[in-house]
Amino acid sequence: MTASAEPASPAADAAASLIADLIGHGVRDLVLAPGSRSQALALAAVHAANQGHLRVHVRIDERVAGFTALGLSRETGVPAAVLCTSGTAAANLLPAAMEAFHSGAPLLLLTADRPPELRGIGANQATAQPGMFAPWVREQVDAPVPGDGPDDGDWSGIAARAVGIAMGADAPHGHPGVAGPVHLNLPSREPLSGALPAVEIMAGDAARPALPEPIVLDRGPRTVVIAGADAGADAEEIAHAGSWPLIAEIVSGARFGRQIVHGYRALLSDDELGGRIERAVVLGHPTLSREVTRLLSRADVDVIAVRRGGEELNLNGRTTPAASVTVAPGAGDRDWLGAWLTASASRIVDLSERAPDHDGLASSDPRARRDAVEVELAAVRRPLDRELLADAVWRATWPHDRLVFGSSRLVRVADAVLGGKKVPVHANRGLAGIDGTIATATGIALASQAGGAPGVTRVLLGDLAFLHDVGALLLPPDEDEPRLQVIVGNDGGGTIFDGLEVGATADRADLDRAFYTPHTVRLEKLALAYGWEYQRVTTRTALDQVLTTPTGGRQLIEVPLTR
């Protein structure tokens, strides 16, 4: 950073030092929600961006900013920083912090604050910020005030530890190898900004986790591999090495390979298959089916869970935690795997449209030709349902793309019907909330296309999840535009509750009032207001065309669905 002739302030000196250190330890993205108390940090970040050292993304809503940073972190595996001012601004980062903690995603929360003498006395925009994220961060630091003490309140040196712990280095109450959020509370006094000092960016090495030896899995017990959210390719590799059935949720990033089990929910309920399981090896965070939850809760099943998030999986009270696993040499149980794959083959769902009747279309018999044409027209005009919508999005997405699922009814439909395909999949399943889905997808899109990489990020979600995060549609006109397709399955409310007990026990009017929350929002008007391209599609043919011919910018695609 270059020097200036203007007088500097302690806040500006400390901010410049901290931003330079974060960059030196690998941080490449910072999401900024503007405010007064954070002005020194904001100016230092923008200056670094102008020099090409940092990508700064500006959002007016701190909750959107937090989830955008989470999406950047999820895609890159490196902590993005989110910066906000003091007061309620900091509180709006809580949902993203909770999701990052439970899903094991690295994240840096930078909250500007008043100095200690202004806390607890009714000062404007001052609240108890130190410790406000305590249950959901791997480390928290209430930094010294710049200008205080023998070190002048210098913030240098904070970054290396913060980045290392966010990446999984051990913390006093943390777990080695498990990433998560870190909170840096950064108080300062006036003058809140001034001339930026000349600060050199020095590359450094953040602390790395020292992982224990992997657990070696012997081949004896009848075993299945469970791949939950964020399991990734490791789950497929373990299943392949052990010759074990692979039960991979659609959000796992592991639904590919020869050992995938189709229709796993029914097969887990089969006494001859699910009933005979002796061991389950779990990677990621499984959340999409009660059948898997029941399996992992069984006292007669040995569960080995590779830790990914801030809490250990232990539904049966005797689960063995593991930092990693490997498979002992030897031959697999071919009969066990074969029984699962045979049953799986009968459960494959074919959602492809009926193949054209070429003979009928080319027939010289007018009646035969007419019948063939009618069949073709019926296929083209067939209204979209949830299964066809999920299938169309899945088929349009390839390894250079990204696919994000919202916590809507659609993700469960996709989990039930979609086949195997190796594509990068993301979902906020740490707490399975609908918070921040569009913002997270935006962060993923921006990170995946940084440096000119090809591909489109598609996010499939329901109408309520969309409306819950509609503020994320607002993007600054002077920033890079993400290649993003937001596909909304609009059934006019929260029909996910149909699958819960309340759907069968509550009065219809009460369901509408307290759960479905029906609405009449015109999505095309929202798209116009926020500058998004909008298309409404009602047939599979039209949807396929829209999905496979992206415009290169932001598209909102509405698909009307029936309840």
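**Group meeting talk: cores, salt bridges and a buried glutamate**

Let me start with one arginine: the side chain of R307 reaches the backbone oxygen of G310, at 2.9 Å. Please keep in mind that this is a predicted model. Where is R307? R307 sits in the loop between β11 (302–306) and β12 (320–322). Its relative accessibility is 13%, so R307 counts as buried. Leaving out residues up to four places away in sequence, R307 touches H175, V178, E312 and A322.

Next, the nonpolar cores. The largest one has 53 residues. Which residues have the most contacts inside it? They are W340 and F405. Helix α13, residues 386–396, supplies the largest share of this core, with 7 residues. Another core lies apart from it, with 44 residues, including F67, A447, V459 and L556.

Stay with W340 for a moment. Beyond its neighbours within four places in sequence, W340 is in contact with V224, P245, I247, V261, L267, L268, L273, G274 and I277. The structure holds 1 aromatic pair. That pair is W336 and W340, edge-to-face, 5.8 Å centre to centre, with 75 degrees between the planes. Both tryptophans lie in helix α10, residues 334–345, 4 residues apart, about one turn of the helix. An α-helix has 3.6 residues a turn, so residues three or four places apart point the same way. W336 and W340 are both buried. Buried or partly exposed? A339 is partly exposed, because its relative accessibility is 32%.

Now another helix, α5, residues 94–103. Of its 10 residues, 7 are buried, so α5 is largely enclosed by the rest of the structure. The buried ones are A96, A97, E99, A100, F101, H102 and S103. What do they pack against? Their partners are α3 (62–76), β4 (107–113) and β6 (181–187). After α5 comes G104, with a positive phi near 70 degrees.

On to charges. The count comes to 26 salt bridges. Here are three of them.

One joins D113 and R119, at 3.1 Å, N to O. D113 has 0% relative accessibility, so it counts as buried. R119 is buried as well, with a relative accessible area of 19%.

The next joins D491 and R386, with the closest N and O atoms 2.9 Å apart. D491 lies in the loop between β17 (484–490) and α17 (501–505), and R386 in helix α13, so this pair ties together parts that are 105 residues apart in sequence. D491 is buried, with a relative accessible area of 10%. R386 counts as buried, at 10% relative accessibility.

R395 is partly exposed, with a relative accessible area of 43%, whereas D391, at 5% relative accessibility, counts as buried. Shared partners join D391, R395, R540 and D544 into one salt-bridge network.

Last stop: E558, in strand β19, residues 554–560. E558 is buried, yet it has no salt bridge. How far away is the nearest side chain of opposite charge? That is R536, 4.7 Å away. A salt bridge needs the atoms within 4 Å. The E558 side chain does make a polar contact with the side chain of Y534, at 2.4 Å. Setting aside residues up to four places away in sequence, E558 touches V488, N490, L523, E524, Y534, Q535, R536 and V537.

Terms used
Residues numbered from 1 in each chain as written. Predicted model: local features only at pLDDT ≥ 70, side-chain atom pairs only at ≥ 80, totals over all residues. Heavy atoms only, no water. Helix = DSSP H or I, 4+ residues; strand = E, 2+ residues; numbered from the N terminus. Buried < 20%, exposed > 50% of the residue type's maximum accessible area, 1.4 Å probe, protein only. Lys, Arg positive; Asp, Glu negative; His and termini not counted. Polar contact = N/O pair within 3.5 Å; in protein donor to acceptor, adjacent residues only side chain to side chain. Contact = heavy atoms within 4.5 Å. Core = buried A, V, L, I, M, F, W, Y, C linked by side-chain atoms within 4.5 Å. Phe/Tyr/Trp six-rings, centres within 6.5 Å; stacked < 30°, edge-to-face > 60°.
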